[in-house]
Amino acid sequence: MKNILVTGGCGFIGSNFIRYLLSASDFTGRIINVDKLTYAGNPENLAGIAEKFSGRYTFINADICHPEPMSEMFETHEIDTVCHFAAESHVDRSIVEPDDFVKTNILGTFHLLELARKHRMHLFHHVSTDEVYGTLGSDGLFSEATPYDPSSPYSASKAASDHLVRAYHKTYGIPVTVSNCSNNYGPYQFPEKLIPLMILNALEGKPLPVYGDGRNVRDWLYVMDHCRAVWTIMKTGRRGETYNIGGRCEMQNIGVVRMLCDILDEMNPGKASKRELITFVTDRPGHDLRYAIDSGKLEGELNWTPAESFETGIRKTIRWYLDNKGWVERIKTGEYLSWMERQYGVMKMLPTFSKS
Ligand code: NAD
Ligand code: DAU
């Protein structure tokens, strides 16, 4: 793996992955980061990286749905490996405006696979989600054999992309690996997702909107543990195989929010407890009740285990948001957006189904 194309590298997980991989002792190649810079893509997430890793890192502002510039880029940079993160990733947005989810997540993946078919690939790694499996009841875990049953336009689009990746392996022999991961949290996460949204709202004394009764369960994983898992799979995973990644860390949403409030009260004390800001709001349509991952295959075959507990990971995450108020501010003002995004005002707020 000499020249790795990372798609969506200016987003939350992609930027953490690039930082991780360029510093990893067992990777000496180059990374070419292709990102469209949607509202979720922030070049500041990789500030200083081009200078620090000069000659090993290139950023290209392009859309994976545009085959011609992408094809040129495969040739110019002699891409031999793809690690595909680029996606529309936020479930609430997919409920309101599903179009871009179908375009980027399904068609974008298709175009990349076509390029991988034309160029000799060492590996095409596809980063996916546990949401493709739908919801669990009060017990059981998702394994790699769990049938797909997506609930939202987001998860349906990711499910379609997973099927395409596996079909290209079976039909054309492209060496692929797929990973389906649970909920990530950590530095650089866009503040529309539960954890950063709650941290930032709490710091500003704004309501903390918990959907429904707050008893939905997610399985949380610190982003660096995800990045290490992806690299482990890329290096040693069996081609054609899928690996589930999870933190064995199930929490009800209300438990997460209360814990955030308590740690914030300790790290950034105010007059009143942050718990007083918790507000129950209308539930998300089609809201999956519970996700929980069995990552036994990844642990047993490839010897991966998460390094962070929720307590240690969440403390690091809160510290990061407290220490990076400039990053937060530039997102709030829209200063981080590309010219085009600013013109079209993609920062518009979502309709209020989820926040009223
Ligand atoms: P994100 O929304 O933070 O980042 C997505 C990135 O993709 C952005 O930089 C965006 O500009 C870029 N992008 C979007 N459309 C593009 C296009 N057409 N062409 C090029 N770039 C484009 O997402 P994230 O949370 O970092 O998630 C990354 C991947 O991991 C996604 O595939 C997601 O489905 C998957 N995943 C996320 C989580 C999670 O908890 N966040 C968990 C499991 C899997
Ligand atoms: O499971 C993996 C998935 O995790 C990824 O594939 C997605 O890209 C990622 O966005 C995430 O999806 P969720 O929908 O689980 O994440 P989100 O942070 O939006 O919500 C987490 C839980 O918190 C969910 O049950 C909905 C709830 N929630 C969310 C928000 C934004 C609230 O109660 N209030 C909120 O304001």
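This is a short chat about two ligand sites and a few residues in a predicted model.

Q: Start with ligand 1. How many residues surround ligand 1, and which are the closest?
A: There are 28 residues around ligand 1. The closest are Ile 13, Asp 35, Ser 89, Tyr 154 and Lys 158. Keep in mind that the model is predicted.

Q: Which polar backbone atom is 3.0 Å from an oxygen atom of ligand 1?
A: One belongs to Gly 11. A backbone N or O atom of Phe 12 also lies 3.0 Å from a ligand 1 oxygen. For Thr 38, a polar backbone atom is 3.1 Å from an oxygen of ligand 1.

Q: And how much of ligand 1 does the protein cover?
A: The protein covers 97%. On its own, ligand 1 has 840 Å² of accessible area.

Q: Which elements give two or more residues to that shell?
A: H1, S5, H6 and strand S7 (183-185) do. The largest share is 3 residues, and it comes from S5.

Q: How do the residues of the ligand 1 shell divide into nonpolar, polar and charged?
A: 13 are nonpolar, 11 polar and 4 charged.

Q: Now ligand 2. How many residues surround ligand 2?
A: Here the count is 24. Thr 129, Asp 130, Tyr 154, Arg 284 and His 287 are the closest.

Q: Which side chain has an N or O atom 2.6 Å from an oxygen of ligand 2?
A: Tyr 154 has one. Arg 284 also places a polar side-chain atom 2.6 Å from a ligand 2 oxygen. Asn 253 has a polar side-chain atom 2.9 Å from an oxygen of ligand 2.

Q: How much area does ligand 2 expose when taken alone?
A: It is 690 Å² for ligand 2 alone, and the protein buries 95% of that.

Q: Which residues of H1 are buried?
A: Phe 12, Gly 14, Ser 15, Asn 16, Phe 17, Ile 18, Leu 21 and Leu 22.

Q: Change of topic. Is Trp 231 buried or exposed?
A: Trp 231 counts as buried because its relative accessible area is 2%, under the 20% cut-off. Trp 231 lies in helix H8 (residues 223-236).

Q: What is Trp 231 in contact with, leaving aside neighbours within four places in sequence?
A: Met 1, Ile 4, Phe 17, Tyr 20, Leu 21, Ala 24, Asp 26 and Phe 27. Two of those names, Phe 17 and Leu 21, are also among the buried residues of H1.

Q: Where does Ser 161 lie?
A: Ser 161 is in helix H6 (residues 153-172). Its relative accessible area is 0%, so Ser 161 is buried.

Q: Which backbone oxygen lies 2.7 Å from a polar atom of the Ser 161 side chain?
A: The one of Lys 158. Beyond four places in sequence, Ser 161 is in contact with Asn 105, Thr 109 and His 126.

Q: And His 119, where is that?
A: His 119 sits in the loop between helix H5 (99-118) and strand S5 (123-129). At 16% relative accessible area, His 119 is buried.

Q: What does the His 119 side chain pair with at 3.4 Å?
A: The side chain of Glu 75, in a polar contact. A polar atom of the His 119 side chain also lies 2.9 Å from the backbone oxygen of Leu 115. Leaving out residues up to four places away in sequence, His 119 touches Ser 71, Phe 74 and Glu 75.

Q: Which residue has its backbone oxygen 3.4 Å from a polar atom of the Arg 30 side chain?
A: His 77. Arg 30 also touches residues including Lys 2, Asn 3, Gly 55 and Arg 56.

Notes. Residues numbered from 1 in each chain as written. Chains lettered and ligands numbered in written order. Predicted model: local features only at pLDDT ≥ 70, side-chain atom pairs only at ≥ 80, totals over all residues. Heavy atoms only, no water. Near = heavy atom within 4 Å. Polar contact = N/O pair within 3.5 Å; in protein donor to acceptor, adjacent residues only side chain to side chain. Areas by Shrake-Rupley, 256 points an atom, 1.4 Å probe, with all protein chains shown as cover. Helix = DSSP H or I, 4+ residues; strand = E, 2+ residues; numbered from the N terminus. Buried < 20%, exposed > 50% of the residue type's maximum accessible area, 1.4 Å probe, protein only. Contact = heavy atoms within 4.5 Å. Nonpolar A, V, L, I, M, F, W, Y, C, P; charged D, E, K, R; others polar.
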